[in-house]
Amino acid sequence: VQLQACGGGLVQPGGSLRLSCVVSGSSFMINPMGWYRQAPGKQRELVAAITGSGSTVYADSVKGRFTVFRDNVKNMVYLQMNSLKPEDTAVYYCNADVFTIATMSTRRYWGQGTLVTVSS
């Protein structure tokens, strides 16, 4: 199982970006999926997560600005980020809890991270 994230970049304050993450490999069920971020000198923190049924949770700092959604057919999770602020600058990581038939167990997998820089 591999997670591949993309969509990061440089954006001005107030701008928007959409991050995407695809889960590939042999899998049976993916639930939940989400995004974390880690700013320089800070711990990794949860940004948003979504279950297979569509229930979501957001960090207080991004509520009303970020939206997480998923495509269960394509095994993808997205993070739409609007009204970006300089304090949103961080490396963003996607993750997913994946149950595989090969192991008959669930474990958490992480993507490689994509850098988002919000600066004028």
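Modeller: A disulfide is a pair of cysteine sulfur atoms within 2.5 Å. This is a predicted model. The sulfur of Cys-6 is 8.4 Å from the closest cysteine sulfur, in Cys-21. That is too far for a bond. Cys-6 has 44% relative accessibility, so it counts as partly exposed.

Now the pair that passes. The sulfur atoms of Cys-21 and Cys-94 are 2.1 Å apart, and these two residues form a disulfide. The count by this rule is 1 disulfide. Its S-S torsion is about 55°, so the bond between Cys-21 and Cys-94 is right-handed. The pair joins distant parts of the chain, 73 residues apart. Cys-21 belongs to strand 3 (residues 17-24) and Cys-94 to strand 9 (residues 90-100). Both Cys-21 and Cys-94 are buried.

Next, the nonpolar core. In soluble globular proteins, nonpolar side chains tend to be buried together. Here the largest nonpolar core has 31 residues. Trp-35, Leu-79, Met-81 and Tyr-92 have the most contacts inside it. Several strands each supply at least two residues of this core, among them strand 3, strand 4 (29-38), strand 8 (76-81) and strand 9. Strand 9 gives the most, with 5 residues.

Met-81 shows how the parts meet. Beyond its neighbours within four places in sequence, Met-81 is in contact with residues including Leu-17, Leu-19, Phe-66, Tyr-92 and Val-116. Ser-16 is also on that list of contacts.

Follow Ser-16. Ser-16 sits in the loop between strand 2 (9-11) and strand 3. Its relative accessibility is 41%, so Ser-16 counts as partly exposed. Ser-16 and Asn-82 are 66 residues apart along the chain, yet their C-alpha atoms are separated by 4.4 Å. Their side chains make a polar contact at 2.9 Å. Other residues touched by Ser-16 include Val-11, Gln-80 and Leu-84.

Back to Cys-6, by way of Thr-114. Thr-114 lies in strand 11. At 10% relative accessibility, Thr-114 counts as buried. Leaving out residues up to four places away in sequence, Thr-114 touches Cys-6, along with others including Ala-5, Gly-7, Leu-19 and Tyr-92. Gly-8 is a further contact of Thr-114. A polar atom of the Thr-114 side chain lies 3.1 Å from the backbone nitrogen of Gly-8.

In short, Cys-21 and Cys-94 form a disulfide, whereas the sulfur of Cys-6 is too far from the closest cysteine sulfur for a bond.

Definitions and conventions:
Residues numbered from 1 in each chain as written. Predicted model: local features only at pLDDT ≥ 70, side-chain atom pairs only at ≥ 80, totals over all residues. Heavy atoms only, no water. Helix = DSSP H or I, 4+ residues; strand = E, 2+ residues; numbered from the N terminus. Buried < 20%, exposed > 50% of the residue type's maximum accessible area, 1.4 Å probe, protein only. Core = buried A, V, L, I, M, F, W, Y, C linked by side-chain atoms within 4.5 Å. Contact = heavy atoms within 4.5 Å. Polar contact = N/O pair within 3.5 Å; in protein donor to acceptor, adjacent residues only side chain to side chain.
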